[in-house]
Protein chains: 2
Amino acid sequence: MKTRITELFQIDIPIVQAGMVWVSGWKLASTVSNAGALGLIGAGSMKPDLLREHIRKTREATTKPFGVNIPLLRPDAQELINVALEEHVTIFFTSAGHPIKFTAPLKAAQCTVVHVTSNVKQAKKAEECGCDAVVAEGFEAGGHNGVDEIATLTLVPQVVDAVSIPVVAAGGIADGRQMFAAFALGAEAVQMGTRFAATVESSAHERYKQAVIEAKDGDTILTLKKVAPVRLLKSPFGLNAQRQESSGKSKEELVELLGKIRERKGIFEGNWEEGEFEMGQGSGLVSEILPAAEVVQRTMREFEEAKNRTMKL
Amino acid sequence: MKTRITELFQIDIPIVQAGMVWVSGWKLASTVSNAGALGLIGAGSMKPDLLREHIRKTREATTKPFGVNIPLLRPDAQELINVALEEHVTIFFTSAGHPIKFTAPLKAAQCTVVHVTSNVKQAKKAEECGCDAVVAEGFEAGGHNGVDEIATLTLVPQVVDAVSIPVVAAGGIADGRQMFAAFALGAEAVQMGTRFAATVESSAHERYKQAVIEAKDGDTILTLKKVAPVRLLKSPFGLNAQRQESSGKSKEELVELLGKIRERKGIFEGNWEEGEFEMGQGSGLVSEILPAAEVVQRTMREFEEAKNRTMKL
C-alpha cells in the first residue's frame, strides 16, 4: 500500500509504532521496522547516553528505516536531538512541546520531522514550522494527552481539512478495523501505542502488559489535568489521582502526589500499588500479548477485512 | 444500501437523526424521515400532551417511518411511552436510564426498541432485555453523556464484538467520512445529533445554530460530572461550570448552579449568558446551517466519496 507517509519514510506498511516511555527500546523499534512498518525509539525515558546505545542496537538489528521520538519539553531535548543526529538518525517525531525552535535545524540537517499534535491549531503551526507530516492524536491516547480532549474521530478529519501535509492518526487505535476507519477520515498512516506496549518485544514489565490485556472499555481515565493531562489505568494510583483531582486539589498538590518516578514504577517495574499504568482506550481491544511483527501483520489483515466488508455496502 | 438497521426500520438510508431536547420536533423528524433516513421526536423536553401533538403533526407530514426518543430517567417516562403507544408509534429509542422495565412491554406491543448505551456492559444488558439494536454513543456526543468517557472509535468496535444485535454508532459524527469510518468499525447505521441541530428545520434558536457553526475543534467540554456528565459549548455558562467543577464543588453545589431550565434557556431561547449550549465535538465539522434533507444527501455523498477513496488503497 502506498500513501504519502509510506513514501516519506520509505516503508511498506503505513503503521507507526509510538515512541513510548519505558516501552519502546531498540528491541521493539527494530522488530517493527523489520516487519515493514516504522519503529520509533522513545527517548522520553532515556538519558542521552542510553538513547545512543538504543540507536546503535537498533541499527545492528535492522537495515530498515526507524526513528526517534523526542519530547520537546525535556530540559535536555536538544542534547537528545544532538545524540540522534550524531548517530545519523534521520526520522524525528517530536512531541509535548513547541516544534518551532527544533524543526528548522532538523530540516536543515536533511531530517524528516513529524510533530505530534492534539488540535487543529497545533497541526497548522507544525505545518508552518516546516514539519513533513503531523500526528493527530486524540483523547483516547495513553500517556500524555492534549488539554482540549478532542477525540480521534473528530480530530483527524478536521486536521486533514486544515493542513496539506499528510496526517498520521493516533489515539485509541489498536486494530485494523480502526486503522481502516482512520483512513476513511483521511489519515495516511496510523500510530499505535498501547497495542505495541503489550508485545513480546516491549520493554514494559510483565505486570504492565498483563494489565493492558485485562483492561476493559471503561478502565482508563484522563486525569491530572491541572498538571498535564495523562491517560492511565484505574489502578490504585490512577484512582487516587482521580479522587484528588475531583476534590479540587491544586496543581502544586497534584504535582507532589505525582512525584517523579511514577511512570517508571508502573510501566517498567510493574508496581501495582504505586505506579502509573499509562495506557490508551485501545487497551479494551487488546486481549493478547503478541510478537510485534504479528501485531503488524494482524492489523493489516483486519484492515483488508474491513475494506472488503465495507466495499460490499 | 441495506443493513440490518435499514431492514429493522424499513428505511432507505442508515442515518438516524437523534431525538434532542428543544431541537427535534415534528418538523425536523418528518423532514429527515421524508429524506429516507429515520427521524426521531425528542420527548426529553416535552410534556405528554406536547409529545402527542408532535407525533400527530409528524404523521401528517410524512408517511415514512419515524420514532420517538424517551429518556427513561424522566419521572413521567411511562406516561410519555403511553402517549406514544396510543398514537401508534412503533419505533422507540430509549436513553438515560435502565431499559429493563420498559423494553418487554414495548416488545409485547410489537414495537421496535433501541437503547442508547455508552459502554459494553450497558449494551450487553440492552441485548439481554430484548432490544432490537443499540446505539453505541461515545464521549464526543453533545448533551448527556456516559460516565466512562469512552470515545466512539474505541466504543463501537467493542460493542460490535460484544453483542449480536446491530449497532448504531453515535458521538461526534457530523459528516459522511465519519459515517464510513463508523461502518468500518462494524456499525450498521449512524445517529447524528449536532449536525441536525444546525438545520433549517431544527427547533433550536438561531443563536444556538449560529454557535454550532462557529464552534471549532476544541470548543466543547464534558462537565458537571458529579451531577450527570454533559457536553456543551464553552459559552459563559459552560466555562463557569468547568471552573466550579475544577475547584472541587460538591454535587449539591453543582446541582444548584445548573438549576432547572438551562437547556431551554440556551438551546431554545438562545440566551448566551445564562443558557446551556449543549453540542457535540462534531460541531467543529459543521460550518453551515442546511436543510435537513440536504444534510442526509450530503452525508451519503461524502460516504460514497470516502468509500471510493479508500477502495483505491
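## Close-up views of a predicted two-chain model

**Figure 1. The two domains of chain A.** In this predicted model, the centres of domain 1 and domain 2 of chain A, taken over C-alpha atoms, are 22 Å apart. Domain 1 of chain A covers 4-203 + 285-311, and domain 2 covers 206-282; the bounds come from an automatic or database domain assignment. Where they touch, domain 1 of chain A contributes 28 residues and domain 2 of chain A contributes 17 (residues are in contact if their C-beta atoms, placed from the backbone, lie within 7 Å). On the domain 1 side, strand E7 (143-144) and helix H9 (194-197) of chain A are the elements giving two or more residues. H9(A) gives the most, with three residues. By class, this side of domain 1 of chain A holds 13 nonpolar, 11 polar and four charged residues (Ala, Val, Leu, Ile, Met, Phe, Trp, Tyr, Cys and Pro count as nonpolar, Asp, Glu, Lys and Arg as charged, and the others, Gly among them, as polar).

Local features need pLDDT of at least 70 and side-chain atom pairs count only at pLDDT 80 or more, whereas totals for chains, interfaces and linings use all residues.

**Figure 2. Chain A as a whole.** Here you can find 14 helices and 11 strands in chain A (DSSP runs numbered from the N terminus, with helices being H or I of at least four residues and strands E of at least two). Along its principal axes, the C-alpha trace of chain A spans about 50 × 50 × 40 Å. Of its 313 residues, 60% count as buried; a buried residue has 20 or more other C-beta atoms within 10 Å of its own, an exposed one has 12 or fewer, and a partly exposed one falls in between, with C-beta atoms placed from the backbone.

Figure 3. Look for A:Trp26, A:Leu28 and A:Val32, which are among the buried residues of H2(A). Their cover includes strand E1 (15-17), strand E2 (39-42), helix H3 (48-61) and helix H14 (292-311) of chain A. After H2(A) comes A:Gly36, with a positive phi near 100 degrees.

**Figure 4. Helix H10 of chain A.** The buried residues of helix H10 (residues 206-214) of chain A are A:Tyr208, A:Lys209, A:Ala211 and A:Val212. Seen down the axis of H10(A), these buried residues fall within an arc of 155 degrees, so they line one face of the helix (the arc is that of the directions from the helix axis to the C-beta atoms). They pack against H9, strand E11 (230-233) and helix H13 (262-268) of chain A. The face of H10(A) turned away from the buried side carries the exposed residues A:Glu206 and A:Glu214.

**Figure 5. Where chain B meets chain A.** In this contact, 39 residues of chain B meet 39 residues of chain A. Helix H7 (152-162), helix H8 (176-184) and helix H14 (292-311) of chain B each supply at least two residues of the chain B side. That side of chain B has 17 nonpolar, 15 polar and seven charged residues.

Notes. Residues numbered from 1 in each chain as written. Chains lettered and ligands numbered in written order. Contact = placed C-beta atoms within 7 Å.
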